[in-house]
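Let's take a walk through this structure together. Have the sequence and the 3D view open side by side, and follow along as we go.

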Amino acid sequence: MTNRDIVSRGILGLMRVSPFYSTLIVKQEIVETKDVDAAMATDGNTLLYNPNYINKLKQKELVELLKHEAMHVANKHHIRAKQLRPKYERKFKDMDVSYHKAFNIAADLAINSLLVKTERNYWIGSEFLSGGCIPKEPPFQDFPHLLSAEEYMSMIDHELENMDEDERKEYINSLGLNNDDDCTVLECPGNITEEEMKSNSNIASATINSRGSGNESSQSAKAFIEKYSAPPKVNWKRELERFIQVTTKGRPNYRRPSRRHTQSDFIMPSRKDKGVSNIVLLIDVSGSMSNEAVSTVYDHMSDMVKYSENLSIKLLPFDDEVFYDSMQVFDKTNLPVADKDRIRESYGGTLYTNAIIQADKECASGIVMLTDLMPADNEEFMKYKIKTPFLMLSTYGSDWMHYDNPSYDNEQIRRIHDRFKPYKIIEVEVGKHER
Ligand SMILES: [Zn+2]
């Protein structure tokens, strides 16, 4: 059997389980080459395969790998790589990081996250496939599932940014970020529009609704559609988790890179931090915050404390003063937060500056502020330079919108959000109000 036959057999296998993805493979020119240091690479028009790698694959692994390549094409990663380049290229270059390699890792994380959902056994069990980048699996255990390539890029960027020079050097080496020899997403000029993205979803949707597509492929296609047809909405819980993850992780322990796996030859550091990480949660208890909104956040924070190794959360209530007397520290030992501890009795106004200065003094790994975004000292607050990583959770939009309060409309909410633009504000979604 020639190498080409092996690939053809893989494509036939893919056709049986997913006509949609196999179409994306066969529309490409398929070229054999030993120049690419990976099993396969694609720029959307040409699919390159390296016979040395292909030979070692089991049929099922080959099918999964082809599906992986098809998903790069379906996701237009070859074009998105080019579009995202201006945002990072110069900055990465200064750190001796190959933008191309970083994007490859990000794109693979995005795709494999979807693939693992449908064929977990193969992706976790196969030595060949599990050598790729899979969120939540070593060495990517800190990366959440189901983000886009762009979102994973921003996580990688964030990691690089938060390291001192030595750490960064090791991180770059262990990931091979300074070397783009083995990149498998090849950039391609072109533009991708919202409309195009939508039409791709429609095609995918039509494919899985038509007869003849296997169940397993439907699921990954479904996940793909969900991802691109859902309105862009920020998941505050996920953002909060990510903030805490990024700010509280300790010094990474680096493992030696291993070249045993052919598809990926980089190893991320594992992060086992023995120390306690602490987050200050500033809760605006001024009268305008709904109890439900505050409770929702309490619940989620206790969940996070419950499931993380060494996280402790310091709750510090404030309105126009900071209530040190009511400060509470939560860790694994004193959960859940009792109802009586959630009571907030304040009808004062809100002042941010003093609260944030006090929180800064706690030397925490991060500060999260839950507020309705109506402080009386906005200008002063904007001038203060916060020393600790800071995240703002807002209940403004959701709280007031649900009340059908005629004096607050979308326009006003937008204006308030604009005012706090320098900070990342995430709106907390609360359920229906009982009132
Ligand atoms: Zn890939």
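## Leu 62 and its surroundings

Once you skip its neighbours within four places in sequence, Leu 62 is in contact with Gly 10 and Leu 57; contact here says that two C-beta atoms, placed from the backbone, lie within 7 Å. You'll find Leu 62 in helix α4, residues 59-74. Helices are DSSP runs of H or I with at least four residues, strands are runs of E with at least two, and both are numbered from the N terminus.

Is Leu 62 buried or exposed? Leu 62 is buried, with 23 other C-beta atoms within 10 Å. For the cut-offs, a residue is buried if 20 or more other C-beta atoms lie within 10 Å of its own, exposed if 12 or fewer, and partly exposed in between, with C-beta atoms placed from the backbone. Leu 62 and Leu 129 sit 67 residues apart in sequence, yet their C-alpha atoms are 9.4 Å apart in space.

## What kind of model this is

This is a predicted model: local features need pLDDT of at least 70, side-chain atom pairs count only at pLDDT 80 or more, and totals for chains, interfaces and linings use all residues. Residues are numbered from 1 along each chain as its sequence is written.

Now for the overview. The chain has 18 helices and nine strands. Of its 435 residues, 37% are buried. Take the contacts between residues at least 6 apart in sequence: 73% of them join residues at least 24 apart.

Helix α1 (residues 3-17) and helix α2 (residues 19-26) have axes that come within 6 Å and cross at roughly 145°. Axes are lines fitted to C-alpha atoms, for helices over the stretch in contact, and angles run from 0 to 180 degrees between N-to-C directions.

Who meets whom? From α1 come Ile 11, Leu 14 and Met 15, and they meet Pro 19, Tyr 21, Ser 22, Ile 25 and Val 26 of α2. That contact divides into seven nonpolar residues, one polar and no charged. In this count, Ala, Val, Leu, Ile, Met, Phe, Trp, Tyr, Cys and Pro are nonpolar, Asp, Glu, Lys and Arg are charged, and the others, Gly among them, are polar.

Strand β1 (residues 29-32) runs parallel to strand β3 (residues 46-49), and four bridges join them; strands pair if DSSP finds at least two bridges between them. Glu 29 stands opposite Thr 46 in β3.

Strand β2 (residues 40-42) runs antiparallel to β3, with three bridges. Thr 42 has Leu 47 of β3 as its bridge partner. β2 and β3 form a hairpin with three residues between them, and Gly 44 in the turn has a positive phi of about 95°.

## A kinked helix

Helix α5 (residues 77-94) has 18 residues and reaches 24 Å from its first C-alpha to its last, close to the 26 Å expected at 1.5 Å a residue. That expected span is 1.5 Å times one less than the number of residues. Where is the kink in α5? A kink of about 60° lies at Arg 85, shortly before the proline Pro 86; the bend is the angle between axes fitted to the seven residues ending at a residue and the seven starting there.

His 77, His 78, Arg 80, Ala 81 and Phe 92 are buried in α5. Their cover includes β2, α4, α6 (99-118) and α9 (149-161). Just after α5, Asp 96 takes a positive phi of about 60°.

## The six-stranded sheet

Further along, six strands form an open sheet in the order β6-β5-β4-β7-β8-β9, with mixed pairing. β6 (328-330) and β9 (425-427) stand at the edges, each with a single partner strand, so one side of each has no neighbour in the sheet. The twist averages 25° from one strand to the next.

Six of the eight residues of β5 are buried, so β5 is largely enclosed by the rest of the structure. β5 (residues 311-318) pairs with β6 in the antiparallel sense over three bridges, with Lys 314 partnered by Val 329 and Ile 313 opposite Phe 330. β4 and β5 pair in the parallel sense over eight bridges, and Ile 283 has Pro 317 in β5 as its bridge partner. Helix α13 (residues 236-248) lies across β4 (277-284), β5, β7 (366-371), β8 (390-394) and β9, running at about 155° to β7. Helix α15 (residues 352-361) lies across β4, β5 and β7, at about 165° to β4.
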